[in-house]
Every structure is written in structure tokens, then in C-alpha cells.
Amino acid sequence: MISVQNYLPAPIRQMPWLIPRVPPTLGTICVYHLDGEPFSEKTPRQFFGVAGAAGHYHMMKPQVINVSGETGFGITATDMNSTSFNHNGIYSIELKVDGQTVYTFAVERFAFDQTHAINAYIDYPTFLSSHRFIQKCFILPGSKISLYPQSINRGVVNFTDDAMHDVEYMVKDIAGNTASLKIKVKSSPAKVTPAVTPPNTTLFHYDKQNEFSNDKVKVIVTPGNLYDDIYFTYSTLPEKKGAYSEIHRIHNRFTPINDTIQLWIKPDNTIGNLTAKAVIVNTDGICEPSTYEDGYVKASARTFGDYYIKVDTVPPFIHPINIREGINMAKMQRIALKIGDNMSGIKSYSGKIDGKWVLMDWDYKTRVLSYKFDNTITHGKHIFELTVTDNKDNISRFKANFSK
């Protein structure tokens, strides 16, 4: 867990007069017309520009916003402190309707295992489509984030009367500087319509196990992986060249997943004896760890999207950086090579000098594998060998004679 007090630099904790006095900056606001439906990329949204400074903001174009039935609110807000030009996350957001607090978000403590769940806090579909970082002021029913000390009906406001209402955003930074914005909304009674599952969809519940299957694919979503109910969709696209199945459109990329879903795809008959090399990939080029079992290629997918089967028969690459056949490495402190894999990923590597195993250090970011010379490597001639294996057991080997 991370305490918010740790966000304050040491000089500020020791010298409070250095605490920034610049309040947060407010940007676009958003009104979500939920109407009793699950939140999704199809939820009707209205965006409104905001103007102001020094903590006092107003709508760029003064107007009354019409609302009816279940409604959510959102806002973009950043904290630019007076000691730097960096934009930081804000500390808290409070939403009031007619003076009553209906929603509070506050970064008191945050668990590392909740990091992925930030996708339930922001307007994830809008972020993917336009890169706007809208912070929703209502809580999805399946949210895993424990940063909501106060809310009424998860921050969803049900407007059922025929009256004007005051809505106020109050945003604070870690030092307590506040920015506020007030808007007016005009309520009208919502029309009551029975809930109907859209055609060609399957209703998945966020708090239950959900399954979809046909003769080519199977999808399992276990409880805790959806943040809200969804109307699950499925379709196929033509097979790509070099693929071993059609492209299976598993719902859509605008719906975030908290962890993973189980995805099974049946390969076509041309795969033959390559099933051990089969992997599930998506059209963004991401390869999921896969196994072949009971006639299906199976994987735990981290997102919804478009998936199909390929085979990985290409061994990993090994690119030597400072070693080559016959080189004198007397003035060098280490052996360095760059390694990687084009699809299923590196499973293991093993380095040897003169037939004896040596400890290699792997830098994941740079993909550089290195061995630092120690006093066991004597002056004279030596043989270095490296074996790299990917997750589909394709193997690459490198060998070079060197002197020290």
C-alpha cells in the first residue's frame, strides 16, 4: 500500500511554507445519460468546455443541461504545482447535488494490485478513442478500487422531478488547494421502458461466471473480471494469410477487463502436426501464452478484441553486442548480447564458459543479456556458449571463442 503522505517531497514535509499554492486545473466536464443501462462506449455522453483560473471555474458557454433519469458526471482535472511545470494527478474530487455530497474520490491509500482497475475509474472508452482522461464521478458496480470514502447510489444521480438542480465539482490537490465548478441542470421525469437485450448479444453479468461458445470458439469470463454488465457481442472476420483460423471478434476493445478471460479457439484443419507450436494472437500483434488441448488452442487473454491462431516456428534472435569469434576481451568487463523473440516470448536462457554454467543478467527493458567477468575467468583462451529457448521450444544457439 502507498500512503499519500509519501507523495510530498521531503523538503515540503520538513518546511510547510514550500507547499504549492496553485490549485488544480479543471478542463472538460462530461454528463453521462445512463438510463438504467450498463456503462459502455455506447452510453450517451455530452462534453462541455470549461474556463477559469485560480481555482474558480465556469462553463465556457453558460447553459442549463437537460437531464433525466439515471445520470453520471465526469471531469478532467490536473494538478500543476507552483514548484514545477509537471502535471500530476489530483488528490480528491467531491461531487455535490443541491449541496449534498453524492460522490467522493480520495487518494488516501492505494494497493498495487488495484493498479489495473484504474480503467474502471476513468472513462476508458473515451480514453481509447480520443485520449481524453475523463475521471468519472460515479462508481461502476464491479469496481475494485478502494478510494471512494463516500457515495450515494455509487454517485449515480436519479433525476425524476421537473425542477432545476445545482451540481458542484470540488477538486483538491495534496496540499489542500481547491478548484470548484458549478453547473445547473434541468431535470425531467424519465420514460419507463422495459429492459431489452439488444439483438445478437448475450447479457454478461459482472458478478457471475459468464460463458459463450459455438463450434469454433469458447469464452469464459469469471466473476470479478467485469466492472459492469455488458451486452457481449461476437462475430468473425476473414482469415489472414499465414493464420490457422478465422479472426474471432471477442466483444470489443472498449470494455476493460480487471485480469484475464479464458479464450479457446479451434484451429482449422491445415494446422496438421503444428498444434504444439500454435499460439493465440490479436490483431495488435500481442501474443498470449497458449496451449493446445482437446482440439482447441487455449489462452488467458488480457483484453477483449480480435483474436486468431498462428504458429511459432521461428527461434529467438541472438545479436552479440561486444563479442565475436576470436575477440580479445582483456579490457572488457562483461559479455553482452541482445536477445528476443518474435512471437511467443523467451522462456529460458543458459550461458556457459568452457562448458561451465555462468550467471547471466537479463535487462527486460533493453533486452540485453550480460555476464560480468569475475576472477574465475583466467587469462587465456575460452569458449562462450549461449542457448535461448522460446515458449514454443524453438531454440537458438550462439558460440564464440575469445581470449581474456
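I count two strands as paired if DSSP finds at least two bridges between them. The model I am working from is predicted.

I looked up the strand order and found an open sheet of five strands, 20-21-27-23-24, with antiparallel pairing. I noted strand 20 (234–237) and strand 24 (287–288) as its edge strands, each pairing on one side only. Inside that order I checked strand 21 (residues 247–250) against strand 27 (residues 305–311): three bridges link them in the antiparallel sense. For His-248 I looked up the bridge partner in strand 27, and it is Tyr-307.

I then turned to another open sheet, where five strands follow the order 29-36-35-31-32 and the pairing is mixed. Strand 29 (327–328) and strand 32 (356–358) are at the edges; each has a single partner strand, so one side of each lacks a neighbour in the sheet. I checked strand 31 against strand 32 and found that they run antiparallel, joined by three bridges. Opposite Lys-356 of strand 32 I found Ile-353.

**Met-343.** I placed Met-343 in the loop that lies between strand 30 (334–340) and strand 31 (346–353).

Note on methods. Residues numbered from 1 in each chain as written. Predicted model: local features only at pLDDT ≥ 70, side-chain atom pairs only at ≥ 80, totals over all residues. Heavy atoms only, no water. Helix = DSSP H or I, 4+ residues; strand = E, 2+ residues; numbered from the N terminus.
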